[in-house]
Structure formats: structure tokens, C-alpha cells
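Work through the exercises below with the structure open beside you. Try each task before reading its solution.

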Amino acid sequence: MKGSVAVCGVVALASILFSTSALAQEKLAAESIVTRSQQVSHYAANDMKARVLMRLVSKEGKERIREMTMLRLDREDGGEQKYFLYFHQPGDVRDMTFMVWKHPRRDDERWLFIPAIKLVRRIAANDKRSSFVGSDFSYEDVSGREVEEDTHTLVREETREGRPVFVIRSAPKEEKSADFSYRLAWIDKETFVLWREEYYDKR
């Protein structure tokens, strides 16, 4: 009997260790997918220029438009970056400029130029979760979060518009570090391009 108990104990321990190891590998795999996706999204070339249209729709269906030009300069692959956003419309934000210097191992630096009062305002690190030009996005959403700030889990794999994708759930490791409770990302299995992202609030 004692021998049987010992064997059962060893089997149970091995099972626990295997489950823990498998879970750790799954989280590592999910984190690797997110890291690869960020590389594809943010370091696709040495620089980038894009015309961006942001549609803000209220619960009542009222729509506001933010149109801007976004420039990006990569200082090194996977490292320092500079972002420059220039607003074209509407009138209340026309000529407003937002600049970000991204640093991989320390807080990003952010500045906002408000032309109406000719003011350059530095966005402090603890203000990174403030609303970005009156939208539901924060300054951090625009310049991006570090992969290490969240816990990533592979939820499932599915097909989207004929393409196989990973569905990744990312939750902040520190609850106070973000305004969302978690987000879901659909990432192409072959190209690692981000197809869609949904943010879920505390409720």
C-alpha cells in the first residue's frame, strides 16, 4: 500500500509539473506571437507615412472625425522610434501636433503642440492614460504598450476572411497600469499582421 501511495504521489506531482510547464510554454508562445506582431506592425520598414481617419461615434450615433498625417522614423530595429502626428481637421484640432519618442526600456517621451495658444505641453508619464484628442483612446494607446506589461494567453485559433488567425487575450499585469481589463487581438498566423483588436473596460 505504501508503495502504491508513493507511486500515486509521484504521478500526481509529475502531472502538476507537466501542467505548470505546459501553461508556462503556452503563455510564452502567446507572448512571442504578440512580440512578432508588434515587430511587423511597428518595424515594417525604416520609416512610415500614413493618412489616418479616426471616426468617433457616440452611443446616440453622433459622429466626429479626426483626420491626421502620421510619420514614423525607426532609429533601430526593435528599438528607438520617433512618431509625429499632424492634425488636418476638424477646426478645433487643426494644426495640432503630437510627437512621441519611443524607448524600449524606459518611459516614452510625449509632447503636444496646441496652436491656438502656441503652447508646447509635455505629457508626463503618469498622464499617458489621459484621453487622446477627446477620443476613447489614450496617449498610451497611440504610442503603444510594452509587451511585458501584459499577460498574454492564446484563446483559440480560427479563420478570418479565409486566413488562419490566432486570437490572443492580453490582460494588464498591474490593474492600475491600464484603463482596460483586457483586450482581444486577432493576429494572422502566417504574416503576424494584426487584423482586429477589441478593448474591454472594467465592467
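**Exercise 1. Work out the order and pairing of the strands in the sheet that contains E7.**

Solution. The model is predicted. Start with the order.
- Step 1: The open sheet has 4 strands, and they follow the order E7-E8-E9-E10. Their pairing is antiparallel.
- Step 2: Look for the edges. Strand E7 (150-160) and E10 are the edge strands, and each pairs on one side only.
- Step 3: Count the bridges between E7 and strand E8 (residues 163-172). There are 10, and the two strands run antiparallel.
- Step 4: His152 stands opposite Ser170 in E8.

**Exercise 2. Describe the geometry of the aromatic pair formed by Tyr182 and Tyr200, and locate both residues.**

Solution. Two values are needed. A pair of aromatic rings is described by the distance of the centres and the angle of the planes.
- Step 1: A search of the whole structure gives 4 aromatic pairs.
- Step 2: For Tyr182 and Tyr200, the centres are 4.6 Å apart and the planes make an angle of 10°.
- Step 3: Planes under 30 degrees apart count as stacked. The Tyr182–Tyr200 pair is therefore stacked.
- Step 4: Place the residues. Tyr182 is in strand E9 (residues 182-188), and Tyr200 is in strand E10 (residues 194-200). They are 18 residues apart, so the pair links distant parts of the chain.
- Step 5: Classify the accessibility. Tyr182 has 22% relative accessibility, so it counts as partly exposed. Tyr200, at 29%, also counts as partly exposed.

**Exercise 3. Trace the open sheet that contains E1, and say why one side of each edge strand has no neighbour.**

Solution. Again, take the order before the details.
- Step 1: The open sheet has 6 strands in the order E1-E2-E3-E4-E5-E6, with antiparallel pairing.
- Step 2: E1 and strand E6 (119-123) stand at the edges. Each has a single partner strand, so one side of each is left without a neighbour in the sheet.
- Step 3: From one strand to the next, the twist averages 20°.
- Step 4: Count bridges along the order. E1 and E2 are joined by 11 bridges. E2 and E3 are joined by 8. E3 and E4 are joined by 6.
- Step 5: Met54 stands opposite Arg66 in E2. Asp74 has Gln81 in E3 as its bridge partner. Gln81 also stands opposite Lys102 in E4.

**Exercise 4. Which ring face does Lys82 lie over?**

- Step 1: Lys82 lies over the face of Trp101, at 4.1 Å from the ring centre.
- Step 2: Now take Arg196. Its ring is that of Trp186, and the distance from the ring centre is 6.0 Å.

Technical notes:
Residues numbered from 1 in each chain as written. Predicted model: local features only at pLDDT ≥ 70, side-chain atom pairs only at ≥ 80, totals over all residues. Heavy atoms only, no water. Pairing = 2+ DSSP bridges. Axes fitted to C-alpha atoms, helices over the stretch in contact; angles between N-to-C directions. Phe/Tyr/Trp six-rings, centres within 6.5 Å; stacked < 30°, edge-to-face > 60°. Buried < 20%, exposed > 50% of the residue type's maximum accessible area, 1.4 Å probe, protein only. Lys NZ or Arg CZ within 6 Å of the ring centre and 35° of its normal.
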